[in-house]
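Subject: Structure handover

Hi,

Here is the structure we talked about. Please have it open while you read the notes below.

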Amino acid sequence: MQLQHDVTSETSKTYRHNYYPDERGRYGTFGGKFVPESLMAPLAELETAYEDALKDKAFQNELRSQLRSFVGRPTTLHYVPRFSALVAHGVKDVKVYLKREDLAHTGAHKINNALGQGLLAKRMGKRRIIAETGAGQHGVATATVCAMLGLECIVYMGEEDIRRQSLNVFRMKLLGAEVRPVSSGSRTLKDAINEAIRDWVTNVETTFYLIGSVVGPHPYPRIVRDFQSIIGSEAREQILAQEGRLPDLVMACVGGGSNAIGIFYPFANDPTVKLIGVEAGGSGTHLVEGQHAATLVAGRPGVLHGAYSYLLQTTDGQVLDTHSISAGLDYPGVGPEHSYLKETARATYVSANDATALQGLQALSYSEGIIPALEPAHALGYLMAIGKQGEIAPGTLIVLNLSGRGDKDMLTVADALGVTL
């Protein structure tokens, strides 16, 4: 996978999303570096190392080779006819394709970015890797890559997420990682990121912070997007081969936003392709403060974890607690590129609550024999809901990013459905 960027002058009057970020790490007004002075030099070092890696044929060849043989790429783009019928509600010729990131090694899209950053850390001579995780999939992916590359791995994880993702905690430990519980705040992803940043500030000379989503200070949102954009690049090539045209709609769930930007980015300059990101609407039928994680739907711009982006905050600027049945979407911020896509109206962001996600998970399971993670189940459930409301036209071609498999969520799902295991 060659990570290249359009170098056409930004003075062009034609909107080209791949001009961003700019030299300041901004997507319009979003992004940037809002960090302590002690991190400015390490971020500059990271940016230089990444730019050099883009030009390094040996790095690119190793990345391509490992994506193919270790990760198992390309993942398939799979037509799901029975689920399509559930979405269509009698409307003719509606077709849903799933980009099967659940088939990638470790069971989710997170491995794409963990591999890329792991190879970058090795190239920079950083042997100690720290990471944060919510649902545990990024932690598992990071631990997996560190085991393969022979690197030390420390993963910060909120105590609440450790409780509901115990299987992934065991997997990380089995892979040789140290899992450090975080007891502060809401004991979820936000707090795990806080602790990882504190560690990085303290041990910056020897440590590489392997961020799991398109959040944080520049250049992290760009780096993660680039490593995840293989999802959309493959999907674009595959849908053209299988259907002979681009999709009408590309959908993904959005927490921090890495799986969504990974599939959105290669379609961003195609105005005929609608992009919809589905956030976590939480426990109720309405968005109640503290009971959801719909950042782009209900938040407003501010600074969180080193970048200016949309976040859920009080009128005094205090970050709000969040809730989602899916640990991976339980985050009060979002990547700055998603904020830019919202502001430019290039993408639409909506929310689906816990009940809708459970419906999506169950429907795909019994109709197609595929058990999705709770995160993409939000997009599946939302798609079924708009189909039921008659909002999908005949002949609509849809690509949905199935960002992970549901093994990790079975205890949560069973509890939500009142099933005793």
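To begin: is G212 buried or exposed? G212 has a relative accessibility of 2%, so it counts as buried, the cut-off being under 20%. Bear in mind that this is a predicted model.

More on that residue. G212 sits in the loop that runs between β8 (207-209) and α9 (220-228). Beyond its neighbours within four places in sequence, G212 is in contact with K110, N113, E132, H138, V224 and S258. S351 is another matter: 139 residues separate it from G212 along the chain, and their C-alpha atoms are 22 Å apart.

Now the whole chain. The protein chain has 16 helices and 14 strands. Its radius of gyration is 20 Å, close to the 22 Å from the globule rule for 421 residues, so the chain is as compact as a globular protein of that length. Along the principal axes, the C-alpha atoms fill a box of roughly 60 × 55 × 45 Å. Of the 421 residues, 61% count as buried. Take the contacts between residues at least 6 apart in sequence: 74% of them join residues at least 24 apart.

Last, the surface. The chain exposes about 16,000 Å², with carbon and sulfur atoms supplying 51% of that area. L411, L417, V419 and L421 make a nonpolar patch of about 410 Å². L411 has a relative accessible area of 54%, so it counts as exposed, the cut-off being over 50%.

Best wishes

How values were computed. Residues are numbered from 1 along each chain as its sequence is written. This is a predicted model: local features need pLDDT of at least 70, side-chain atom pairs count only at pLDDT 80 or more; totals for chains, interfaces and linings use all residues. Side-chain values use heavy atoms; hydrogens and water are left out. Patches are made of residues with over 30% relative accessible area and no salt bridge: like charges are joined within 9 Å, nonpolar side chains (Val, Leu, Ile, Met, Phe, Trp, Tyr) within 5 Å. Accessible areas come from the Shrake-Rupley method with a 1.4 Å probe; for residues, only the protein chains shown count as cover. A salt bridge is a side-chain nitrogen of Lys or Arg within 4 Å of a carboxyl oxygen of Asp or Glu. Buried means under 20% relative accessible area, exposed over 50%, partly exposed in between (1.4 Å probe, protein chains only). Helices (H or I, at least four residues) and strands (E, at least two) are DSSP runs, numbered from the N terminus. The radius of gyration is taken over C-alpha atoms; the globule rule is 2.2 Å times the number of residues to the power 0.38. Contact means heavy atoms within 4.5 Å.
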